[in-house]
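Q: Hi! Could you walk me through this structure? I'd like to begin with the charged side chains.

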Amino acid sequence: MSSPRGQANHHLYLARVLVAAWRRDLAAEDLPASVLAQAFGPAVRGHLLDAYGWFLLDLQKPAQLPEAPPHSVASLPPVAPGKALPAEIAEFSRLETEGWLAELVREPEAATARRTSTSLAAQAVALPDPETLEAQARQLDDAFARMGDFLDEC
């Protein structure tokens with residue numbers, strides 16, 4: 001397994017690949033936008049959450065890495081006794097409740113789904129569009145770069 005930061009960067013890259021494919025499929029107009037949102041939205045969100053979780057682990061530097069990344073500060077492994085919580089993690093914790101990150105970490109709310117005889121692909125959850133997810137990817141990338149550069153200097 002590569003480093004947590006490497007995993008974070010890889011998942012961010014995969015999210016961007018999916019957003020690009022989503023945009024191509026939207027432009028082709030072969031499938032309804034709602035079907036594409038159902039197909040791509042959760043996958044992109046999953047990669048962004050994994051990127052975020054791996055970056056949190058890189059900041060925390062736990063003694064042992066979990067098999068899967070956490071998707072929030074609250075899900076991080078406990079901090080080792082005598083070890084301080086990095087200020088960057090406290091910043092992310094705040095952003096999870098009142099900042100741009102809150103929208104990403106919040107579970108999508110179930111929407112009323114009605115399947116009709118003409119549509120087998122009824123939307124079951126409210127999903128973001130590619131622009132929203134792409135903006136979240138940029139914000140994660142910016143945060144990773146800013147915080148990563150600071151940590152590299154220490």
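A: Happy to! A salt bridge here is a side-chain nitrogen of Lys or Arg within 4 Å of a carboxyl oxygen of Asp or Glu. Asp58 and Lys61 make one, with their closest N and O atoms 3.5 Å apart.

Q: Before we go on, what kind of model is this, and how are residues numbered?

A: This is a predicted model, where local features need pLDDT of at least 70 and side-chain atom pairs count only at pLDDT 80 or more, while totals for chains, interfaces and linings use all residues. Residues are numbered from 1 along each chain as its sequence is written, and side-chain values use heavy atoms, leaving out hydrogens and water.

Q: Thanks! How many salt bridges does the structure hold?

A: There are 8 salt bridges.

Q: Back to Asp58: is it buried or exposed?

A: Asp58 counts as buried, at 9% relative accessibility. The cut-offs are under 20% relative accessible area for buried, over 50% for exposed, and partly exposed in between (1.4 Å probe, protein chains only).

Q: Which residues are linked with Asp58 in a network?

A: Arg5 and Lys61 are linked with Asp58 in a network of salt bridges.

Q: What does Arg23 pair with?

A: Arg23 forms a salt bridge with Glu134, and their closest N and O atoms are 2.6 Å apart. This pair links distant parts of the chain, 111 residues apart: Arg23 sits in helix α1 (residues 4-28) and Glu134 in helix α5 (residues 130-153). Helices here are DSSP runs (H or I, at least four residues), numbered from the N terminus. Arg23 is partly exposed at 30% relative accessibility, and Glu134 is partly exposed at 29%.

Q: And where are Glu107 and Arg45?

A: Their side chains meet in a salt bridge, 3.8 Å from N to O. Glu107 is in the loop between α4 (100-105) and α5, whereas Arg45 is in helix α2 (residues 33-60), 62 residues apart, so this pair also links distant parts of the chain. Glu107 is exposed, with a relative accessible area of 57%, but Arg45 is buried, with 13%.

Q: Let's switch to α3. Which of its residues are buried?

A: The buried ones are Glu88, Ile89, Phe92, Leu95 and Glu96. They cover an arc of only 115 degrees around the axis, which puts them on the same side of α3. That arc is taken from the directions from the helix axis to the C-beta atoms. On the other side of α3, Ala87, Thr97 and Glu98 are exposed.

Q: Why would a helix have sides like that?

A: An α-helix has 3.6 residues a turn, so residues three or four places apart point the same way.

Q: What span should α3 have?

A: Helix α3 (residues 87-98) has 12 residues and should span 16 Å at 1.5 Å a residue, which agrees with the 17 Å between its end C-alpha atoms. The expected span is 1.5 Å times one less than the number of residues.

Q: Glu96 is charged, so what is around it?

A: Glu96 is buried yet has no salt bridge, and the nearest side chain of opposite charge, Arg45, is 11 Å away. For charge, Lys and Arg count as positive and Asp and Glu as negative, while His and the chain ends are not counted. The backbone nitrogen of Val73 lies 2.8 Å from a polar atom of the Glu96 side chain. Leaving aside neighbours within four places in sequence, Glu96 is in contact (heavy atoms within 4.5 Å) with Tyr52, Ser72, Val73, Leu101, Ala102 and Val105.

Terms used: Helices (H or I, at least four residues) and strands (E, at least two) are DSSP runs, numbered from the N terminus. A polar contact is a pair of N or O atoms within 3.5 Å; within protein, one must be able to donate a hydrogen and the other to accept it, and residues adjacent in sequence count only if both atoms are side-chain atoms.
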